[in-house]
Amino acid sequence: LVEMEEAAQICRQATPQSLVVLDEVGRGTSTFDGMVIAQAIIEYLAKRVKAKTLFATHYHELTQLQDRISSIANYHMESKRTDEGIIFLHRLIQGAAGGSFGLEVAKLAGLPDEVVTRAAAILKELAASKHVFLPAQTQHDAQRSIFESQLSGAEERVKILERVVSELDSVDLDSLSPRAAFDLIWRMSEKRRGM
């Protein structure tokens with residue numbers, strides 16, 4: 001909630017002259033919720049506010065936004081995989097990162113080998129699962145299809161909610177009879193069930 005309150009304040013107060021720095025927006029919720037919130041914020045800042053924005057994210061899927069929004073460009077810190085592990089080269093280069101290095105970083109940070117090995121095994125299991133959405137480098141077509149259908153369902157629910165809010169906004173509550181109020185609640189409930 002604190003992160004979302006801060007993001008809301010930034011979205012409300014930023015101007016084209018602002019420099020906005022956001023790091024890992026959406027990490028405090030589910031993968032889908034976090035990613036769509038992060039994307040919506042990026043789109044809002046790029047299209048409506050037009051603020052200069054640095055947006056660090058682990059949602060690799062968001063790198064595709066540069067293909068749809070001309071003012072977005074991807075950059076990442078260069079690294080190199082070796083037989084000994086990953087080497088961070090401390091150089092900013094254009095383009096999206098080729099993947100994530102969570103397991104390598106966990107090992108560098110000193111997590112016990114048993115933990116890193118178990119994490120690698122779990123990642124392999126998740127990559128084979130048709131019900132889990134993983135970063136782009138481990139996605140299968142079935143996983144992408146599941147995500148797209150869930151996203152489509154979320155978009156439809158948002159449309160229903162917008163219609164409900166619009167209908168509520170048009171009601172004169174002071175002149176509503178008890179029966180009309182009951183009917184209104186019933187219609188809203190039916191729309192909610194349809195979600």
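1. A salt bridge is here a side-chain nitrogen of Lys or Arg within 4 Å of a carboxyl oxygen of Asp or Glu. By this rule the count in this predicted model comes to seven salt bridges.

2. One of these joins R27 to E3, with the closest N and O atoms 3.1 Å apart. The pair links distant parts of the chain, since R27 lies in the loop between β1 (19–23) and α2 whereas E3 belongs to helix α1 (residues 2–13), 24 residues apart. R27 is exposed, at 53% relative accessible area, and E3 is partly exposed, at 23%.

3. R68 forms a salt bridge with E43, the closest N and O atoms again being 3.1 Å apart. This pair also connects distant parts of the chain: R68 is in the loop between β2 and β3, and E43 is in helix α2, 25 residues apart. R68 counts as exposed at 57% relative accessibility, while E43 is partly exposed at 21%.

4. Within helix α6, R179 and D183 are four residues apart and therefore separated by about one helical turn. Their closest N and O atoms are 3.4 Å apart, in a salt bridge.

5. Helix α6 (residues 178–193) also holds F182 and W186, four residues apart. A search of the whole structure finds one aromatic pair. F182 and W186 form this pair, which is stacked, with 6.5 Å centre to centre and 25° between the planes.

6. The largest pocket has a volume of about 1400 Å³. Its lining comprises 47 residues, of which F55, A56, T57, N74 and Y75 lie nearest the centre. By class, the lining has 24 nonpolar, 16 polar and seven charged residues.

Note on methods
Residues numbered from 1 in each chain as written. Predicted model: local features only at pLDDT ≥ 70, side-chain atom pairs only at ≥ 80, totals over all residues. Heavy atoms only, no water. 1 Å grid on protein atoms, 1.4 Å probe; cavity = no way out; pocket = protein on both sides within 12 Å on 5 of 7 lines; lining within 4 Å. Points joined across faces, edges and corners; volume = space filled by probe spheres on them. Nonpolar A, V, L, I, M, F, W, Y, C, P; charged D, E, K, R; others polar. Phe/Tyr/Trp six-rings, centres within 6.5 Å; stacked < 30°, edge-to-face > 60°. Helix = DSSP H or I, 4+ residues; strand = E, 2+ residues; numbered from the N terminus. Buried < 20%, exposed > 50% of the residue type's maximum accessible area, 1.4 Å probe, protein only.
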